[in-house]
Amino acid sequence: MSVSLSANKENKKVRVWLDGCFDIIHFGHANAIRQAKALGDVLVVGVHSDEEIAQHKGPPVLNETERCRIVRAIKWVDEVVENVPYITSVATLDKYNCDFCAHGDDLTTSADGRDSYEEVKAVGRFKEFKRTAGVSTTDLVGRMLLATRSHHSSTLTVGEAEKATFAQMASSPNSQNSPYTKTCQFVPTTQQLVEFSTGRAPAPGEKVAYVCGSFDLFHVGHVAFLEKCYAMATYIIVGVHSDSVVNSYRGANYPIMTVFERVLSVLSCRYVANVVIDAPYCVTEELIKQFKVDLVISGSRTAVSASTDGSDPFGQAKRLGVYREVDSGTDMTAYTVIERIIANRIKFEERNRKKEQKEMTALLAKSNEANGK
């Protein structure tokens, strides 16, 4: 039986294009990806190369290979295209058979201050969604540089001289700040948890695994570990420790991200089915029975501190014979990310400053245009 052309058009899947740097990926990136996917059927995510980012924004913290691997692990992503131009063109949309490009309502400008999406906007192939307030890569870099979070220890992760320098920069007499890069308080809601959650219970006979940790600055090491866990069990429950618990075994000003920020980052991963918020440091027999856990998995490269009473936090799991260790195959940790920031602190501070200046210039131009100046 023949199918009409109009029927073919109606049945065609809508392909959405979303591109970005995705450097130090966080739940703001994940929420952008989630919203973009909701605009169509297939989400194609383009990841800028290291060279493109360096030219238009400054040096990335993570390299292209690392950034692409994390993006592929986000559950709303259908396809990933590497090494895409920073300036989004109609030709790029056509090349990957995408109907339109999606992006948040924040400004993205090239090295010369132009709107990165100017061309696709001009032909009506651009859709906008709401940017996630309260988080940005620039903000996270700032947290690591300043190493001052009020809910953590006053012990510094950088030297006193460096802290004083960054504090002086942060309190410079610039009266205006970009609304996209300034540090602001993230306000969590239950709606965000619902939007990120799968809502799926384990199927009868499905193997359930439980893992736990800080999952701070969700990175390639986490992705590699969770991928290995997913090969052992198809329903992964992640226990995310509270800020105070993480601080007790990591010290200094860790974690960089708050517990809710870390929970959302973990929930965005395609290998994760459920999350225990403020998970107990010791994996108890009660927890194992409550969630019908078949395996409790830990990373073989992760140092495990004893609990406050000196006991092994995985002691019960070992006694029950459900404890396993896996090698993630990577040495990437939150410390690795922070060390890269600190080692290149001047470059990243300059990158943050330039980004804010570009955004303020673009905002002023937009305001003048709206006022007919």
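Reply: What follows is a walk from one serine out to its sheet and then to the nonpolar cores.

This is a predicted model. Start at serine 298, which lies in strand S9, residues 295–299. Is serine 298 buried or exposed? Its relative accessibility is 7%. Buried means under 20%, so serine 298 counts as buried. What does serine 298 touch beyond its neighbours within four places in sequence? The contacts are Phe225, Val304, Phe314, Tyr323, Arg324, Glu325 and Val326.

Now look at the sheet. Five strands form an open sheet, in the order S8-S7-S6-S9-S10, with parallel pairing. Strand S8 (274–277) and strand S10 (323–326) stand at the edges. Each has a single partner strand, so one side of each has no neighbour in the sheet. From one strand to the next, the twist averages 30°. Strands of a sheet pair through backbone hydrogen bonds. S9 and S10 run parallel and are joined by four bridges. Take valine 296: its bridge partner in S10 is tyrosine 323.

Next come the cores. Nonpolar side chains tend to be buried together in soluble globular proteins. The largest nonpolar core here has 67 residues. Among those with the most contacts inside it are Val211, Leu226 and Val238. This core draws at least three residues from each of domain 1 (15–129) and domain 2 (190–326). Leaving out residues up to four places away in sequence, valine 211 touches residues including Phe225, Leu226, Val238 and Ile297. A second, separate core has 17 residues, including Tyr235, Leu287, Ile288 and Ala317.

Note on methods:
Residues numbered from 1 in each chain as written. Predicted model: local features only at pLDDT ≥ 70, side-chain atom pairs only at ≥ 80, totals over all residues. Heavy atoms only, no water. Helix = DSSP H or I, 4+ residues; strand = E, 2+ residues; numbered from the N terminus. Buried < 20%, exposed > 50% of the residue type's maximum accessible area, 1.4 Å probe, protein only. Contact = heavy atoms within 4.5 Å. Pairing = 2+ DSSP bridges. Axes fitted to C-alpha atoms, helices over the stretch in contact; angles between N-to-C directions. Core = buried A, V, L, I, M, F, W, Y, C linked by side-chain atoms within 4.5 Å. Domains from an automatic or database assignment.
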